[in-house]
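Visitor: I'd like to go through the charged pairs in this one. Can you put it up?

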Amino acid sequence: MKLTVDHLHVKTDAKQDKYIDDKLGKLDHLVSRHARRSAHADVKLKKGAGRGKKEFTCEVIIHLPKETITTKQTAQSIDAAVDLAEAKLKNQLKKYKDKHVLGRRQRLMRRLNIRRRQIT
């Protein structure tokens, strides 16, 4: 899965960039192989409005075939916001996989059963 990270009013070091890539890059295995080829994710890191506020927002948009998955999480640090977004995306990607991959398997099984009946 291709990953694009945009920083809006936030400066991150190489360690945090690697952390974001590792955390959100692992979500790749939750998507079917077919969807993996064309999937890409846009990550937007924002700092809260105002001078004294130390809130960070992590917004992730994953573009998949037939669907787009979005989540937006806010926390006291960038790492915490990324962790919350990752947990939310795991559940959404599992639902996506159940909806789309299992549907294809069921259609395939129906075709095989029809062919078996025709042969016998």
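Guide: A term to begin with: buried means under 20% relative accessible area, exposed over 50%, and partly exposed in between (1.4 Å probe, protein chains only). This is a predicted model, where local features need pLDDT of at least 70, side-chain atom pairs count only at pLDDT 80 or more, and totals for chains, interfaces and linings use all residues. Residues are numbered from 1 along each chain as its sequence is written, and side-chain values use heavy atoms, with hydrogens and water left out.

Visitor: How many salt bridges does the structure hold?

Guide: Seven, a salt bridge being a side-chain nitrogen of Lys or Arg within 4 Å of a carboxyl oxygen of Asp or Glu.

Visitor: What does D22 form a salt bridge with?

Guide: With K18; the closest N and O atoms are 3.1 Å apart. Both sit in helix α1 (residues 14–25), four residues apart, so about one helical turn separates them. Helices (H or I, at least four residues) and strands (E, at least two) are DSSP runs, numbered from the N terminus.

Visitor: And K18, buried or exposed?

Guide: K18 counts as exposed, at 53% relative accessibility, while D22 is partly exposed at 37%.

Visitor: Switching topic: which residue does K99 meet in a salt bridge?

Guide: E67, at 3.9 Å, N to O. That pair links distant parts of the chain, 32 residues apart: K99 is in helix α3 (residues 78–119) and E67 in strand β4 (residues 67–75).

Visitor: Which residues are linked in a network?

Guide: K23, D83, E86 and K90, through salt bridges. Within it, K90 and E86 have their closest N and O atoms 3.8 Å apart. E86 is buried at 9% relative accessibility, whereas K90 is partly exposed at 33%.
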